[in-house]
Amino acid sequence: MKKIISGNEAIALGFGDSGGVFASGYPGTPSTETLEEVARLGDVYCEWAPNEKVALESVIGGSIAGGRSLSTMKHVGVNVAADALLTLTYTGVNAGLILMVSDDPGMHSSQNEQDSRNYAKFAKVPMLDPSDSQEAYDMVRAGFEISEEFDTPLMLRTTTRISHAKGVVVPGEKITPKIGEWVKDVPKYVMLPNFGKLKHIEVEARLLKLQEFAETTPLNRIEMADTELGIITSGVAYQHVREACPNASILKLGLVHPLPEQKIREFAGSVKRLMIVEEMDAIFEEQIRAMGIDVEIGKNKLPLCGEINADIIRAALGESEGVVATPVEGLPQRPPVFCPSCAHRGLFTILSKLKVFVSGDIGCYTLGALPPMGAMHSVIDMGASISAAHGMAKVNAIAGRDEKPVAVIGDSTFFHSGITGLLSMAYNAGNALVIIMDNRTTGMTGGQENPGSGVTLQGVPTRQVEIAPLVKALGIDNVAELNAYDLKETEAAIKKGLETPGPYVLIDKNPCILRYKIRKPAIKVDQENCTGCRACLKVACMALGLTASGDKQKVRVDPNVCNGCGVCAQMCKFDAMHAIEGENNANL
Amino acid sequence: MQIYNIVIAGVGGQGVLMASKVLAESALASGMDVKQNEVHGMAQRGGSVISFVRIGEQVNSPVVMPGTADLLISFEPLEALRYIHYLKPGGRLVYNKVSINPSTVAAGLAVYPQDVEEQIAAADAKSHGVEALSIAREAGNGKAVNMVMVGSVMKHLPLKEEIITEVVKQISKGKGVEVNMKALAGGAAA
């Protein structure tokens, strides 16, 4: 039956229909929904791992034990899993293994713009690049077949416009999972140098065989039309090409590593002008130019940064259709903010007030860097808040600066990569205040379960890992609780943490109000008492606003948005803000 | 048939994605090809959200280009203005008249423009404002703004109203069926 589903849903369904047995991943936009959808299938085992390296290693085990396995992550997750990937390519697989990676050109929700096709080249593994939901579905099955036939892990790559775009899918026949034997094979799976040397030779030979396969597989297809212009493309860029150049001939690559050299030569020879349309890096172009083939239009006209679309392709061809519509200027921006009554709001109100250096991390709390808080001064990657704060403290000490850095990290990020940083801080006699915002969920990606949630991806109750005993076991003596909804208490706790020499950890255990649907009565402003001093506006809550008219602008709370945490009311010196008894109007 | 391009804009948490789903499912149920796409990632409420629905015999790109939309549905007036350049000249805009402050306004860093509706009226578009929040509340739930907005554009879509109504019925749960039916009808009458 026809369905309209996203690329992520299609991959999940494809996994279930291709005899998938075991899936593990870590949430990361735009890949997250894939594993959530596998969980919804109901009959396939899947789990969230604490990080991508653990996820990939777990599915390596799943493959060795004979079950078709899938690991899902975003592009930067592959950096974390790369250690496993770069040796997994040597061992190969038992049952098929797919690593699904979602790139985010345009950085809709990412800290960098990484092209994962580089990893396919680096790891010398085949990579598939679907251009819509149907292909995403079909390429899971094709991917498992390639993985098993060539004894290799396979990367299935999506971009945001594939993962999150919905299109029509007709599912194929469902294969019942067949679990293979669990075989001991030391030269295959034990990568000691002597075995590894032999395996490297096999990897190079495998790549040549995959190249031959690339020449004949229907995954790479030529759509001949007008021979004036020929375009080599893949992924969502193919759809934009079809839109921008309906008459052009196209070589559409589904298998984007390794490339089919003969097919490319044949195609290039059959058209007058050759164009390569690929998002982000010039990966096809560099390889095709290295073949000695003339490329007329590539990255000389198309951007290396951001997404490509039909207008950009037309402009590169010099066919721009007159004036492109431009947006209305001067409108106030509407960036995402902490939810009404999020616990992060109180913390960053105080951090902003204290003007300390905040070493930040990846999560909802990264928004603390934006105005008016402006209370986060470095964000690099998962876990860097703690390790970077440690390095800052060491150099500060050498420089004779008497200032203690503050690291802010969430529970999921702490489980992912913060533990080892804190271990180093304890071991190397560090001197930073670490604030762990433990809201019992992976918030930024939509509230996924983690080792602190007490429940698994498939909804099974499980051990809830407590952070305080874990922190103590790492060698941190000063560990205290924090309640970020209480501004005075929060300020006192942070000051104490800053004044106490050595590592100091504060843990806030207020749950995510969005994930756990916590609702409180809204706050109302007494217009008589409000002086319009704007002190409350410093908490940056979208429920607050200034009244438009009157001699003096006063503050108003939108009862449709307010969720009654009362942090704004604690900023008020004129007793003008109170909860509306018995009412609960929050609808956002 | 030409591709019919729809852009749906609003504020995170307003149900833009559910409205998009209704239109996409309705197109599928009508036997048409459809692509729907939005960018979401940050789960936080309050950010600007934009979603595309493209309906036709064969749809390639999931992205609507500026200057090509037949219909812009905006759940908030400022967001209507922010994305009005997506409309083709003379295209149709239906917007919810209830405004929501951006965080920049809430923080006192920016002012919500007082002339949003005047600017909308001055644009080269057939525009129409709807009091979606009060209609949704009358239907039984303030959160049904998204279904009011779907109701308010039904007559302009290349889709049959019965099909849209049936799709909404199927995806609604429990008491939501009645509320959403009322919201659709209220939107259609607005």
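I started at the strands: strand 8 (residues 165-169) of chain A and strand 2 of chain B run antiparallel and are joined by two bridges. Strands pair if DSSP finds at least two bridges between them; helices (H or I, at least four residues) and strands (E, at least two) are DSSP runs numbered from the N terminus. Opposite A:Ala165 I found B:Asn37 in strand 2 of chain B.

Housekeeping: this is a predicted model, where local features need pLDDT of at least 70, side-chain atom pairs count only at pLDDT 80 or more, and totals for chains, interfaces and linings use all residues. Residues are numbered from 1 along each chain as its sequence is written, with chains lettered from A and ligands numbered from 1 in the order in which they are written.

Next, the whole interface. I got 49 residues of chain B in contact with 56 residues of chain A (C-beta atoms, placed from the backbone, within 7 Å). Strand 2 gives the most to chain B's side, six residues.

Then I looked up helix 15 (residues 384-399) and helix 16 (residues 411-427), both of chain A: they pack at about 25°, axes 7 Å apart. Axes are lines fitted to C-alpha atoms, for helices over the stretch in contact, and angles run from 0 to 180 degrees between N-to-C directions. So helix 15 of chain A is roughly parallel to helix 16 of chain A (angles under 35 degrees count as that). Helix 15 of chain A makes the contact with A:Ile386, A:Ser387 and A:His390, while helix 16 of chain A uses residues including A:Gly418 and A:Met425.

Methods
Parallel < 35°, antiparallel > 145°, perpendicular 65-115°, else oblique. Contact = placed C-beta atoms within 7 Å.
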